[in-house]
Amino acid sequence: MNNTATPIDRPKRPLWKSGKTAILAAAAVCIGVLIAAVSGAGLDEKNTFEEGAFESPDRCLSCHQEIHSQWSGSMHRFAWENAFYQPDYLQASRETEGFTDVFCGECHAPIARRTQQLPPPDGSRFDDISKKGVSCDYCHTVREVVEPVNVQTLSEPGRVKRGPRGDGNSPYHDVEFSEIHTDPAFCGACHNVVHPTSGATVIDTYDDWKQGPYAEQGIRCQDCHMTPGPGVEKNPGKSSFMGEERDHVATHFFPGGSAFFHDRAGNSDKAELARKMLDAAAEIEAETKTGEDGTELLVRVKNIGAGHKIPTGVTYIRKIWLEVTAYNEAGEAVYASGHPVDGNHIDPDTVFYRKTFRDADGNPTQKSWLADGIYYDRRIAPMEHDEQRFVLPSDPDDGIAALTVRLLYRSMSQEAANGWDIGEITVPSIEMARKELEIRQ
Ligand code: HEC
Ligand code: HEC
Ligand code: HEC
Ligand code: HEC
Ligand code: HEC
């Protein structure tokens, strides 16, 4: 593992600097094939429906109560209204003169997009259904995933609800077995994001999974994110009170790392589930060697529980890092790395695990819409590990007696939070893994 950036060489060109048509024209010339593959060309017309074509989740509530209650606190429910999404989205809209409105909305408000309630970006034309983000009837009326990236899917809203079985009897709708719903590519349609003009990889959770050991073993996204929680694989019961008894009913919490979001929403059980996911993802091993030059600490961080790299998703907003604290006999800290400095920022001289972008001029940026390539990428692949050596100060009269190493997670960096117009917030650090060592002098 290393700290270096992985540059992708591509000729420089303005991304959003001119008007919409000029951008499209320039992009089409540079990467004509790519844009056709990733921007939804050809699908738009097929995916255009009347307002009200998709049903409200309220309709499903009466028969699928439990699934509804799980989903209604999930990040999918809040994909549009999310207070951390909105400021980023509106900033993108302003800075690109609206170019990103539909692109972002395709994932964060797929029903709004497909029923032509977007643009304008402020959601003023949204009906109640559209506001509810990624909801039941978007997912269960997908007929085909054309390509698992940038929502390249075909919708067929109507009486037929597609799912993993097809053998149930519902008085309200028809059911149809749909292989794609049992396939991670279904998730990949949204959990793989490619920048529509520069081609930079924004989110690669699906590709990561696909190339990793879990895909090989047939362990799907659904097996980790649609079960009761880490270590609990089965959820026996009925998906509807009118339905058959099943040995596993897919849960709809979709837990990830967003404990902070759920805590703010007052949803403590969902926050707890997110903490369990973070806790299940990683493990730390550490050992020290004391020689003439002082104490050396070797830390290994293992990705033991995530089916993709850690971190994954919007890693340019989130932050995972190593915190090291060394104590003397008296219990006083004599060395620290990865601690907060002024204003709750993490000391920049820290071992960070994340992926960030560079813009067209090669400068780092946390604005996904300016991404032209990768600036920094240090993440831990599934079932693999990362190693880091620390050289600790040595004082023969006041040696190191104990060490604490922690892997910490933030849903967003403090810089990202400060940049959004959402009032003052102090982003909490959540522990993913911890190791304590005692040192005999
Ligand atoms: C009148 C009750 C009722 C309503 C309302 C209802 N469903 Fe169902 N649904 C059922 C029953 C019963 C089953 C069969 C469950 C079983 O036997 O496992 C079912 C099964 C399903 C399945 C599983 C398909 C499969 O076999 O894989 C999906 C998906 C589904 N419903 C989606 C929806 C959605 C989306 C809505 C709201 C738009 C909805 N349902 C509204 C009763 C209902
Ligand atoms: C992000 C997409 C998504 C959303 C949103 C979603 N589902 Fe599902 N649902 C799925 C997938 C995928 C499966 C199949 C999981 C599997 O193969 O293990 C599923 C399974 C089901 C099943 C069958 C469960 C079983 O195991 O028998 C029902 C019923 C269902 N969903 C109803 C709903 C209802 C009702 C809502 C809204 C309250 C909803 N879903 C929201 C993706 C979604
Ligand atoms: C229509 C697009 C779409 C589909 C399909 C979809 N997702 Fe998502 N998913 C999203 C978006 C958008 C978010 C981010 C919501 C937010 O944070 O505002 C998200 C968030 C998540 C999270 C993060 C939760 C957290 O705590 O941060 C998980 C886990 C997740 N999805 C799993 C899945 C799985 C598993 C599937 C397939 C069964 C799936 N998703 C299908 C769009 C989608
Ligand atoms: C072996 C279990 C496993 C599989 C398979 C798996 N995940 Fe995860 N996933 C986890 C764990 C554990 C976490 C929590 C650690 C983290 O947030 O990085 C997580 C986190 C996430 C997050 C939240 C990331 C964040 O911090 O914002 C998303 C989104 C997600 N997974 C989507 C997916 C999708 C999509 C797939 C399939 C392509 C998938 N996962 C496959 C275990 C799994
Ligand atoms: C093809 C699907 C897709 C598109 C297009 C997309 N996103 Fe997302 N977005 C996601 C997924 C999936 C996640 C969740 C990943 C995770 O949990 O780490 C997400 C999460 C986010 C989050 C983090 C929210 C949180 O809960 O912390 C922000 C902010 C965001 N997106 C902004 C944008 C903006 C701005 C655009 C347009 C420039 C955009 N997204 C376009 C799929 C998409």
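**Domain contact and ligand shells in a predicted model**

Asp372 is placed in the loop between β12 (364–365) and β13 (373–378); helices (H or I, at least four residues) and strands (E, at least two) are DSSP runs, numbered from the N terminus. The model is predicted, so that local features need pLDDT of at least 70 and side-chain atom pairs count only at pLDDT 80 or more, while totals for chains, interfaces and linings use all residues. Residues are numbered from 1 along each chain as its sequence is written, and chains are lettered from A and ligands numbered from 1 in the order in which they are written.

Asp372 counts as buried because 23 other C-beta atoms lie within 10 Å. The term buried applies at 20 or more other C-beta atoms within 10 Å of the residue's own, exposed at 12 or fewer, and partly exposed in between, with C-beta atoms placed from the backbone. Between Asp372 and Ser135 the C-alpha to C-alpha distance is 31 Å, at a sequence separation of 237 residues.

The protein chain divides into domain 1 (20–254) and domain 2 (278–438), with bounds from an automatic or database domain assignment. The C-alpha centres of domain 1 and domain 2 are 32 Å apart. To the contact, domain 1 contributes 23 residues and domain 2 contributes 21 residues; two residues are in contact if their C-beta atoms, placed from the backbone, lie within 7 Å. On the side of domain 1 that touches domain 2, two or more residues each come from α5 (86–95), β6 (201–203), α11 (205–211), α12 (213–217) and α13 (221–225). The largest share of this side, four residues, belongs to α5. Its composition by class is 14 nonpolar, six polar and three charged residues, where Ala, Val, Leu, Ile, Met, Phe, Trp, Tyr, Cys and Pro count as nonpolar, Asp, Glu, Lys and Arg as charged, and the others, Gly among them, as polar.

Around ligand 2 there are 25 residues, of which Cys60, His64, Cys136, Cys139 and Ala250 come nearest; a residue is near a molecule if its C-beta atom, placed from the backbone, lies within 6 Å of it. Two or more residues of this shell are given by each of α3 (57–61), α4 (65–72) and α9 (136–139), and α4 gives the most, with three residues. The shell around ligand 2 holds 12 nonpolar, 11 polar and two charged residues.

Ligand 3 has 27 residues around it, and Cys187, Cys190, Cys221, Gly256 and Ser258 come nearest. The elements giving two or more residues to the shell around ligand 3 are α6 (101–108), α9, α10 (184–188) and α13. The most, three residues, come from α13. By class, the shell around ligand 3 consists of 18 nonpolar and nine polar residues, with no charged residues.
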